[in-house]
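Please examine the model before reading each solution.

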Amino acid sequence: MKILSLITITINDKKLQVEEGTTILEAAKLLNIFIPTLCHMNLHNGVEHNPGSCRVCVVEVEGRRNLAPACNTIITEGMVVKTSSIKAITSRRTVVELLLSDHPQDCLLCEKNTFCELQKLAADMGIREMKYKGAMSTFPKDFSSSSIERNLDKCILCRRCVTVCSKIQTVSVLSPINRGFNTIISPAFGMPMVDTNCTFCGQCVSVCPTGALTEVNNTEKVWSAINNDEKFVIVQTAPAVRAALGEAFEDHSGKAVTGKMVAALRSLGFDKVFDTDFAADLTIMEEAAELMDRIKNGGRLPMLTSCCPGWINFFEHEFTDLLDVPSSCKSPQQMFGAIAKSYYAKKMNIDPKNMIVVSVMPCLAKKYEAAREEMDNEVDIVISTRELAKMIKEAGIAFHSLADEEFDDFLGESTGAAVLFGVTGGVMEAALRTAYEWITEEPLDNVEFSMIRGMDGIREATIQIKDMEVKAAIASGLGNARKLLNKIRSGEANYHIIEIMACPGGCIDGGGQPYMHGDYDILKTRANALYEEDRSKTLRKSHENPAIIELYDKFLDHPNSDIAHKLLHTHYSCKQC
């Protein structure tokens, strides 16, 4: 193992020893010295985006004539750095003023208002007037998709979206086009996003420092629906939402805000407030049955989980030769909509045409999924965690003052297994809890499969179930999914079941979650919130959910029945054919 030597550096008259290969920016952080940046960001899996292109992080290095970008300047022995010299501060101000001179001035109306890093930096620098004026570049806006909007007028060419799309997700939809003042970040040939192989995972939106990339805002549709007396409007909330929503209200306790979220939704005016976890339990019933059928009857293995629409879109574009590998199960979001507009509507004597199903999701690809033709309008409107937070604030609801409330009955009943869907490995763990008891016909006492937990991008495990060794693999992040899928394609893989989530860490890191600004330690906090909610549940196995048992007894008959296939399963198609 290579032993790194220590190098002495002086920053703002403070001496420090750091490992060779460290940048000035990293060394300054160790001394709690803040250096502003716009293009730099630490991404997942140790990937660091530090092109030094924005020049906001420049510092003065003794002996050098020119200022150095702190984000990609490697320290040398004896280096002396000044981060707040007049020369450095003046240069930074000039850079920000030039950026503002070619940036729209509609901050109060911008989707990223109060979350924009350029806006915050200008405020921190005390910039109060436009020093440079002239013609501003303008480009066509891209409103082609149901998930993501692009406004290139607000792009500052930081290239964060390019890095996360190409290096983390390996989709490579976005790249720099043209040169100089005419440079833009765009799909090839300026194609609209909907015509590319974009998966709509929203990771580009998560890292964009300005309003150049945002989600399609559906809040007005929701307000219109819940104020329409002729419609019965119900809402479902995904498990990962409760783990992050509190952050929008400055709650960083690391605890799920489930009860307050339910109370807020009820205050907004929804007729019923339900939990997508109910449909997650339903998904496990169908998926576990499908897996057992494939194993017993020589079906196609491995079976891949199918609840993430971002990864499904990725699969349909790039692995069309393996269309028979994923489970045919719809996602929990769509299963919920299908049951709500069939069994539940009949049970409540409501005409499905008068029912509106709203989803609150951590994921921007869920907007795309609900709009897919084969989903037959099961879910009418999808909003993100961020959009829900905006609605709560707009309604003047004092979130922290709300008393905890419970989900409504039946479609709101769920188990601990279901809440795990929000974190990488959770779907696998939930499926194993049920599959174990179905195969062995014995109770599973220790329901926590710790060997498949964690944040590593790819994880493997062999689980002994009676006389069967079930080989499982988990991938989060599309780059890691590509590695596993290539193993399947080449015949190297020898698994029974694989869980794939498009976003690194799973849904807790969905493109519609509160912005983290590169602080990925927050993901561990969100994951722990879901694990704690699982432990707090009386029932922790999907097949024990009494509402699920009733649904099969009175309507679906049994998992993988004809009616279950009609309502709860789907098919996949080649997007490149």
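**Exercise 1.** Determine over which ring the charged end of Lys393 sits.

Solution. The charged end of Lys393 lies over the ring of Phe249, 5.4 Å from its centre. The criterion is that NZ of Lys or CZ of Arg is within 6 Å of the ring centre and within 35 degrees of the ring normal. Lys347 likewise has its charged end over a ring, that of Phe410, at 4.0 Å from the centre. Phe410 also belongs to a cluster that ring pairs form with Phe278, Tyr343 and Phe555.

The model is predicted: local features need pLDDT of at least 70, side-chain atom pairs count only at pLDDT 80 or more, and totals for chains, interfaces and linings use all residues. Residues are numbered from 1 along each chain as its sequence is written, and side-chain values use heavy atoms, with hydrogens and water left out.

**Exercise 2.** Classify the ring pair of Phe274 and Tyr344.

Solution. Step 1: rings of Phe, Tyr and Trp (its six-membered ring) pair if their centres lie within 6.5 Å; planes under 30 degrees apart count as stacked, over 60 as edge-to-face and the rest as tilted. There are 10 aromatic pairs in the structure. Step 2: the centres of Phe274 and Tyr344 are 5.3 Å apart and the planes stand at 85°, so this pair is edge-to-face.

**Exercise 3.** State whether Trp311 is buried or exposed.

Solution. Trp311 is buried, with a relative accessible area of 0%; buried means under 20% relative accessible area, exposed over 50%, partly exposed in between (1.4 Å probe, protein chains only). Phe315 is buried at 1%.
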